[in-house]
Amino acid sequence: MRKILFLTLVLTHICLFAQIEFTGNLIQYVKPLVGTKNMGHTYPGATVPFGMVQLSPETDTIGYEKDGKYNRDVYKYCSGYQYDDPTIVGFSHTHFSGTGHSDLGDFLIMPTVGKLQLNPGTAGNPDRGYRSNFSHKNETAEPAYYKVELDDYNILVELSATNRVGFHQYTFPKTDEAHIILDLISGIYNYDDKNIWTFVRVENDTLITGFRQTNGWARTRTVYFAMVFSKPFYQYGHLKLDNNVYKGFWRKFDERKNFPEMAGKQIRAYFDFKTEEGGKIKIKFALSPVSTVGALKNLNAEIPHWDFDRVKYESQKLWDTELGKIIIEANNRIEKETFYTALYHSFLSPVTYMDVDGAYRGLDLNTHYANNFNNYTIFSLWDTYRALHPLFNIIQRERNADMVQSMLSHYYQSVHQMLPVWSHYANENWCMIGYHSVSVIADACVKGNLKPDMDKALEACVNTAKNKYYDGLLYYMQLGYVPEDKNSSSVSKTLEYAYDDWCIAQIAQKSDKPGVYDEFITRSQNFNNVYDSTIGFMRPKLANGKWKTDFNTLSTHGQGFIEGNAWNYSLYVPHQINQMIEMMGGRVKFSSHLDSLFTMHISDEYFEETEDITRDGIIGNYVHGNEPGHHIPYLYNWTGQAWKTQDRVRMIMETMYSNSPDGLCGNDDAGQMSAWYIFSALGFYPVCPGSDWYAIGSPVVKSAIIHLESGKNLRIEAKNQGHENVYIQKVFVNGQELNRNYLLHSEIVNGGNVTFYMGPEPNREWGSMAPR
C-alpha cells in the first residue's frame, strides 16, 4: 500500500511538471509596451536578447534644453517613446531600456509620401513636418517585431532586427513621391551642439555608409553604419543646417542634391523612390563601434538575404530560447504575461558591443579585439548589481562572466585605473554613486562564475576603491565617512562604499589575501559613522565631526541622500543586517520601524524635485519605484517575522507590476525593476549580492522550472497557491524540510526541488532563522 501511494505521488509530481515543460511560443506572453506609459521608460521596438540594435519608434522631439535650462519634459523620453503621444517621428536604431537619464536615438529613419518635408514638425503642429499620426489599434509590439500604420501616409511599417542589424520593411501606396528620410540630427536628450560630426557616403544607388559622433551623456561616442536598400533610389539629397562661416573649397559644388558626400553637424538626408500599390522598400541598417567596414561585415554576416519574415522568425526563436530558461505555471494569463515581460526586459541589456570579428572601440578610443569573450556595454551598475546580475549568475552565467570580463577590459583601458561606474559606448559617464562593479565581480566570484584571474580582478577592485579624487573617496578613507559639507549625497556614498568594501573583502578572502581582507572588512564598518543613535537614522556628518543640523528625515532634497530619504537609506546595510538591527534598537523596534515605513504617508513636497521618484511607485514611505529600497521588504526575515516579508512582497508584486502599458511603477533601470519581480515571483531574492544566500519571500508562480546552463533543472512548486494564500507554512528542499528563511546558491544551481506550502494565515513559527 505504501509503495502504491509513493508511486502515485511520484507520478503526480511528474505530471505536474510535464504540464509546464517548454513547448515554444513564449513570446506570446511578452508585452513590450509594458512600461511605455508614464515613467517605465521602456521602448516597444525590435531587438534580440542583449542586441546591439534596438530598432524602435520615437514619438516626439523634446529637447534637453529650454530657455537655456534643463527641460524637465525631456525626462519622459529617455527611451524615445511615450504611449500617450499621438504621433511617430521615425524609427531609430539605439535605445536605453528603462533608464532615468538618456542618450542614443541614433540614425532615425522615416518613410513618407507626397511633398518632401525635412522638418519633423511638432506635436502641436504635426502637419508642418514629416511626422505622422498613428493609432494603437494599428500597432503591434512583439519580441523582435514591431508593426504600425502611419496614418498620414498610408504606409505600413514593419521592423525586426538581428544582433547588429535593423531590418525595415515599408509597404507603400502607389506614388511617384516616396521618400526615405535619414535624420542625422535627431537624438534622445538632444541639444543644438550634441552632434560633433556626421558623415555620409552614397556608395551607389542602394548602399549608404557613414558615422555620427556625439557629445552627450557619453561625451566621445562614435557610431558607424552601413545602410542598404532593396531597390535603387532615383535621386537623393540632403539639408544641412550648419551655420559655419568657413565653407572651404567644397563651395564649388552644389552638395544639396545628388552629391555622394554629406558632412556636417546638422544633416537630414533623403532618398526618393517610385512605388506601386503595395510596393515594398526594405532597408538593412547595420551598426559598428569601429568602422563602416565593420558595419558592412556585420550586415553581410547577419542578414545576407532580403527575407524579412525569415529574420523575424529566427530572431523570435532566439527570444523563445532565452525565455525558455524559466518555464512557469501561473495562476492566470495576466501573471504569466507580467512574468515573461519582466524576463524579456531583464534580457535587453547590457548589450553587445563588438563586431562579428570581435573588434570594438575601447575606453581609450582605440580599436581592441575581444579574445575568448563577448564584449558588452551599457552598465547601469548602481541599479543592476542588486538583482539583475545575480539573476544572470543563475540563468545567464556565460554571459555574466563575459560582462565581468568587459568590466575588467574597461579597467585596463581606463586612465583612471577604475572599473566602470556607469558606462556605455566606450565612455564612462560617471552617473550615480558607488563602485558597484566590485559587487558584480564579488557575486560572480562567490558563485563560481569568474572567468578572469581572481588576483587581477581583486587588484582592479582595490585600485578602484582607492582612487582619491573619485567622489569623496579621499575623505572616506581619511575620516571613515564622506562629509556632507565637502561632497553631496554623503550618507548614501558612505553606506554604498561600505557595502562595496565588504564585497572586496569577500574576493580577498577567496583569493587568500588576508591583508586586503582585513583592510576592507574594516572599511565595511564605516556605516556606523553616519548613524545618529539619538534620532535613530543615518544622518549627514560634517568634516568637523558634527552632525548636519538642518536635517529632515522625510525629504529627498539636500539631506545627504541620492534619490531617497533617511527612512529608506537608513536601512541600507545589506552586508551586516543583524548588526544594523541591533544598532537601531533590536528586532522588535526594527520591525515596528518597518511597519511605519510601509504604512505612513509622505507628502509630495518631500520628493517632488526628485524626478526618479513618483507617487506611482510609493507604498507609505517605501519607494519601490527606485532602487535603494528594493531589499527592504525582505528585512522582516531578520526580525523573527518572516510572514511580514511574505505579505509585503506579494502586495508589491500585485500592485506595482502588471501587463499593461503603465505596468511599471518607475524606471525599469536597465532591467533591475524587472529582475526584482522575477526573483520575487519565484520566491527568493538576493538581499546581499556577494553572499551565497537568497532571502525567501512569497512565490507568486504556481510552479516553475529553471533550466540551468549546466543541464540541471531547479523545480519550484508552490502548493495551495492562490491570491489569498500568500503565507508560507513550510518549505522543503529536495525532500528535506527547511528550518531557515533563506536558500543557498548551491541549492539552486545544483538543481533539484524546492517546494513551498502556502496558506491564508501566517505561520508565525516558520522562518525565524535568517542569514548571519
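The structure is a predicted model, in which local features need pLDDT of at least 70, side-chain atom pairs count only at pLDDT 80 or more, and totals for chains, interfaces and linings use all residues. Residues are numbered from 1 along each chain as its sequence is written, and side-chain values use heavy atoms, with hydrogens and water left out.

The protein chain contains 18 helices and 39 strands; helices (H or I, at least four residues) and strands (E, at least two) are DSSP runs, numbered from the N terminus. Its radius of gyration is 27 Å, close to the 28 Å that the globule rule gives for 772 residues, so the chain is as compact as a globular protein of that length. The radius is taken over C-alpha atoms, and the rule is 2.2 Å times the number of residues to the power 0.38. Along its principal axes, the C-alpha trace spans about 80 × 75 × 50 Å.

Of the 772 residues, 65% count as buried, a term that stands for under 20% relative accessible area, with exposed over 50% and partly exposed in between (1.4 Å probe, protein chains only). Among contacts (heavy atoms within 4.5 Å) with a separation of 6 or more, 71% join residues 24 or more positions apart.

H345 lies in helix 4 (residues 333-346) and counts as buried because its relative accessibility is 1%. Residues up to four places away in sequence aside, H345 touches P32, V34, T42, S97, D668, G671 and S674.

G294 belongs to helix 2 (residues 292-302). With a relative accessible area of 4%, G294 is buried. Beyond its neighbours within four places in sequence, G294 is in contact with S288 and D355. G294 and Y360 stand 66 residues apart in sequence, while their C-alpha atoms are 9.4 Å apart in space.
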